[in-house]
Amino acid sequence: MGRSFQRRLRMLVPLAEDGLAELRAAWRSHALTLIGLVWGSAAVVLLLSLGAGFTQFLDLGVKKTGDRWTMVDNRYTTAEWGGRRPGRRVELSLDDLERIRAGVPSALRAAGEILEAASVETEDRTRATIVSAGSPETRGIRNHALRRGRYYDDSDERSGRRVAVIGSDLEAILFADGESLGRSLQIDGVPFEVIGVLAPKGFQLMTDMDLHDREVFIPLAAGVRLFRSRRSIDHVYVEPRRIDEGERMEGEIRAALWPLHHLHPEESEAIFFESVPKIMRPVRNVFLALQALLGFVGTVTLAIAGVSVANLMIAIVGARRRELAMRRACGARRSDLLLQLMVETLVIVGLGGAAGVALALIVAALLTVAPLPPALPAPRVSASVLLTTLAVLAAVGLVAGVAPARIAARVDPAAALRVS
Amino acid sequence: MRGICKCFQLGEKQVEILHGVDVDVFAGEFVAIMGPSGSGKTTCLEILGALSRPSQGSYRFEGRPLQQLDDDSLADLRASRIGFVFQTFNLMPRMSAVRNAALPLLYAGVARREREERARALLDRVGLGHRLGHRPAQLSGGERQRVAIARALANQPRVILADEPTGNLDQATSREILELFGELHREGCTLVVVTHSREVAACAERVIRLRDGRID
């Protein structure tokens, strides 16, 4: 067994060299097949990379916006309850935020938020934008990363200090010299001190799209005072202690808020939940299905090239019957010829595949630097994409090699004499 | 070989090429097989070289019955005990003389360096030490046949079977090849040569004549 394995091992390199020599000598007749292989393997890499790019885009987009939170939002009642008619508007308040913090054990943290459109001014510039007034916990829940300065904290919130953290694009718009820290800006005429600048997020999923980089973030208490007409908050972000406790947390929020707002136990509109993990589950499935579909299309393209390889190899076996018979006369076993044809097929598939992968890498690199729209991700050539392509290429090579190899193995050694 | 019959299926018709042929070849002999075209000379050589199985009869090689051997064992026997020389040389066109001569060593499981060393030595012996890297297309007919003889000798076989080894060569080159065969014979190698040539047959110790699939 060991000796036989060693014998086969010693054959591999010379047989691969024979395959390369055949390819060099007859490259014209192999050209179309090679082009098919280059195209097929480039298609597999690019389509899989595109699928991976979409998935990464999704993951990154969710990560930017925070991937664990549930938003508690409010609308109108749909059912009569306790003598109160349906169609009543329910408004969330700071008390609701405190009730969630105190009465929902599954919640790790909660943050209230008010969103208002406002005019923001510096000494010489004005810009209409969105102001987000939120609890300090917003930073962690919504994954706000700082570029410079600091984020407002509990002390700022408690004292209602008028401080602001601004998006990086907004800083560039409002402060010509690019230095905003410690300087003042006015929101609807009320002065705020800039204490921090957020790192850019670019396009993000779920909320705000790409507005984040142009927003102003201020403490919730300052926001309540700023927007005096507001007696309510827009929504509450709640993050569960564990990502799989979202359902349980929603149940606990219902138990805490429903009786106080006199809501029917089955009411699901007046106060409702939007959970990132829950929304993302079907979206992720769609992306996975898309990735599988793209991979399938690429694989079919390569498989068609594989058929061409099989045809080419069958023709080669026919043309080389004399040589194969001669090898048998020199002591080659049937399995040696089987191995030879498999190796030669894999050499052709390997070369075509390598060229295709190289082409795909170039195209992917060009697409990465190309100015694509923000919602169109560039292909992502990962190790798993390359390994999958390698596996598909190996499978195509092996399947394409089987038929010609079996024909070669059946060559009668006596043919070496008869044709002579 | 005892009572060897060999049949081929040609469409629906079965054609018997050899009809109960008895042949003995002794170690160290130089035997020529002669006969007109279609007499079964090549078929006889196929069976002697374990390239083909007889339809009937028994064949012992070095006292060992070959009927029971499976396909792989016959291949191993060819790799280790038998060398072939063909009229049309049957060299691999893309390979150098060294790689052609080393081919049987590949199937015998010999390591690369040893394969090349042995092939170089054999080519040197047949007078082609200066043509090692040449491909068949770059060699003359006589040189090609010398490469084929080097290849046949690669595994130091007991028997060399040759099918019209001088059939494609001019007279002068034929004589050189026959001298080489004579040398191998003197060294103790068993030679069986199928030929139409009286000159070749004259070099042999014994001539077996076949006619219509029977010993004449």
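Two strands count as paired when DSSP finds at least two bridges between them. Keep that in mind for the first stop on this tour of a predicted model.

**Stop 1: the sheet in chain B**

Select strand 1 of chain B, residues 2–10, together with strand 2 of chain B. The two pair in the antiparallel sense, over 6 bridges. Now show B:Lys6 and look across to strand 2 of chain B: the residue standing opposite is B:Leu18.

**Stop 2: a loop residue in chain B**

Stay in chain B and pick B:Ala137, which sits in the loop between helix 5 (112–125) and helix 6 (141–152). Is B:Ala137 buried or exposed? B:Ala137 is exposed, because 9 other C-beta atoms lie within 10 Å, and the cut-off for exposed is 12 or fewer.

**Stop 3: two helices in chain A**

Over to chain A. Select helix 2 (residues 27–65) and helix 9 (residues 276–319) of chain A; their axes come within 8 Å and cross at roughly 175°. Angles over 145 degrees count as roughly antiparallel, and helix 2 and helix 9 of chain A are therefore roughly antiparallel to each other. Show the side chains in this contact and you'll find 23 nonpolar, 13 polar and 1 charged residues.

**Stop 4: the domains of chain A**

Color chain A by its domain assignment: domain 1 covers 2–63 + 282–418, and domain 2 covers 91–260. The C-alpha centres of these two domains of chain A lie 54 Å apart.

**Stop 5: where the chains meet**

Finally, show both chains. Their contact takes 26 residues from chain A and 27 residues from chain B. On the chain A side, the elements giving two or more residues are helix 1 (2–25), helix 10 (321–329), helix 11 (334–369) and helix 13 (415–418). Which of them gives the most? Helix 1 of chain A does, with 9 residues. Color this side of chain A by class and you get 12 nonpolar, 3 polar and 11 charged residues.

Technical notes:
Residues are numbered from 1 along each chain as its sequence is written. Chains are lettered from A and ligands numbered from 1 in the order in which they are written. This is a predicted model: local features need pLDDT of at least 70, side-chain atom pairs count only at pLDDT 80 or more; totals for chains, interfaces and linings use all residues. Helices (H or I, at least four residues) and strands (E, at least two) are DSSP runs, numbered from the N terminus. A residue is buried if 20 or more other C-beta atoms lie within 10 Å of its own, exposed if 12 or fewer, and partly exposed in between; C-beta atoms are placed from the backbone. Axes are lines fitted to C-alpha atoms, for helices over the stretch in contact, and angles run from 0 to 180 degrees between N-to-C directions. Angles under 35 degrees count as roughly parallel, over 145 as roughly antiparallel, 65 to 115 as roughly perpendicular and the rest as oblique. Ala, Val, Leu, Ile, Met, Phe, Trp, Tyr, Cys and Pro count as nonpolar, Asp, Glu, Lys and Arg as charged, and the others, Gly among them, as polar. Domain bounds come from an automatic or database domain assignment. Two residues are in contact if their C-beta atoms, placed from the backbone, lie within 7 Å.
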